[in-house]
Amino acid sequence: MSLLSAARIVRRLLDGPVARPVLLQWKREHFLSSQGYGFYYGVFESFRDARAWLPPSKEFDHAPIAEEFVEVRTKRVFAYDYPVLLWLLRALQAGATSVLDIGGSVGVHYYAYRRYIQLPEGLTWRVVEVPTMVAIGRNLAMTSAATALSFTEDLDQAVMASTSDIWISAGALQYVEDARPARLLKLCVARPKHILLNKLPLHSGDDFVTTQNIGSGSFAPVRVFNRGRFIEEIEECGYTLWDKWDVPERALYLPGFPGRSFQSFSGLYFVDSQQLRNRTTPPPYRGL
Ligand SMILES: C[S@@+](CC[C@H](N)C(=O)[O-])C[C@H]1O[C@@H](n2cnc3c(N)ncnc32)[C@H](O)[C@@H]1O
């Protein structure tokens with residue numbers, strides 16, 4: 001028996017009816033401690049219920065959380081970034097000149113990706129973020145002469161005013177209370193031609209809300225989405241799923257809820273179906 005199978009059996013036993021109450025108590029204490037960074041806990045009806053249960057915190061609106069983004073994520077990409085880099089590059093080569101980056105932290109993707117691909121002159125890259133990230137991001141952009149970058153705190157306003165060709169959101173929609181792409185797309189007048197979503201918690205079951213210890217004494221509600229519904233809603237807005245990939249670097253283990261735990265987050269790339277119909281020749285590359 002492999003180590004992985006043995007670990008799964010132990011986990012199943014711990015999640016079973018006998019050990020479950022003890023496991024939940026132990027995991028809850030661990031989750032709430034500084035050792036619980038990155039871990040998930042609990043199932044809730046809504047962000048409001050999750051917040052009522054969590055210790056008070058500033059969630060992501062907390063300067064120490066920006067540290068890793070500034071120091072690490074502006075400077076390198078990770079394996080899960082490569083599909084985004086590929087499709088972003090192709091979209092830019094096809095003439096896209098503007099990006100709306102929802103939850104793009106201090107501009108991490110802009111800084112990291114420009115080390116790998118040529119960004120066109122005149123590109124604009126607008127980041128929607130919480131106030132602390134916006135303040136740190138603006139400061140960093142000023143000191144590094146990153147004139148393509150701009151920041152805003154108001155998601156609905158940003159989406160309504162958006163004329164961006166590309167929407168990117170990596171590991172962020174799950175933390176925003178009402179950020180289902182279908183809702184945002186309905187708000188938007190000039191819809192994006194490309195939608196690149198990365199590091200999303202999609203699973204086969206129903207949507208639910210859990211919580212995560214996000215470090216530096218902060219905790220956040222997290223929405224887990226039903227995969228099929230999430231994709232269908234975007235397709236119904238007039239988009240075609242063009243590629244999808246697993247993000248095994250992100251998993252969700254929910255103590256006491258084996259049916260809501262999964263091994264891998266997801267990435268999705270959608271293209272505006274109208275754009276595809278208007279083409280005289282089919283686009284040459286497709287992930288699916
Ligand atoms: C896990 S981080 C991902 C950051 C970056 N996209 C990346 O992949 O490294 C989640 C980001 O979502 C942002 N976020 C959370 N709630 C938000 C909200 N209501 N509006 C905008 N951004 C939000 C956080 O501030 C944080 O930067």
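**Reading burial and packing**

Me: Is Ser164 buried or exposed?
Reply: Buried means under 20% relative accessible area, exposed over 50%, and partly exposed in between (1.4 Å probe, protein chains only). Ser164 has 9% relative accessibility, so Ser164 counts as buried. Bear in mind that this is a predicted model: local features need pLDDT of at least 70, side-chain atom pairs count only at pLDDT 80 or more, and totals for chains, interfaces and linings use all residues. Residues are numbered from 1 along each chain as its sequence is written, and side-chain values use heavy atoms, with hydrogens and water left out.

Me: Where is Ser164 found?
Reply: Helices (H or I, at least four residues) and strands (E, at least two) are DSSP runs, numbered from the N terminus. Ser164 sits in the loop between α8 (155-161) and β5 (166-170).

Me: Which residues is Ser164 in contact with, leaving aside neighbours within four places in sequence?
Reply: Contact means heavy atoms within 4.5 Å. With those neighbours set aside, Ser164 touches Ser98, Val99, Leu100, Arg191 and Pro192.

Me: What about Ile231: buried or exposed?
Reply: Ile231 has 11% relative accessibility, so Ile231 counts as buried. Ile231 belongs to helix α10 (residues 227-236). Beyond its neighbours within four places in sequence, Ile231 has contacts with Leu241, Leu268 and Phe270. Take Leu268: Ile231 and Leu268 are 37 residues apart along the chain, and their C-alpha atoms are separated by 8.6 Å.

Me: Which residues of helix α4 are buried?
Reply: In α4 (residues 63-73) they are Ile65, Ala66, Phe69, Val70 and Arg73. Look down the helix axis: these buried residues fall within an arc of 135°, so they line one face of α4. The arc is that of the directions from the helix axis to the C-beta atoms.

Me: What covers the buried residues of α4?
Reply: The cover includes α6 (108-113), α7 (131-143), β6 (194-200), β8 (208-215) and β9 (218-226).

Me: How many helices and strands does the protein have?
Reply: There are 11 helices and 11 strands. Of the 288 residues, 50% count as buried. Consider contacts between residues at least 6 apart in sequence: 78% join residues at least 24 apart.

Me: What radius of gyration does the protein have?
Reply: The radius of gyration is taken over C-alpha atoms, and the globule rule is 2.2 Å times the number of residues to the power 0.38. A compact globule of 288 residues would come near 19 Å; the protein has 20 Å, which agrees. Along the principal axes, the C-alpha atoms fill a box of roughly 60 × 45 × 35 Å.
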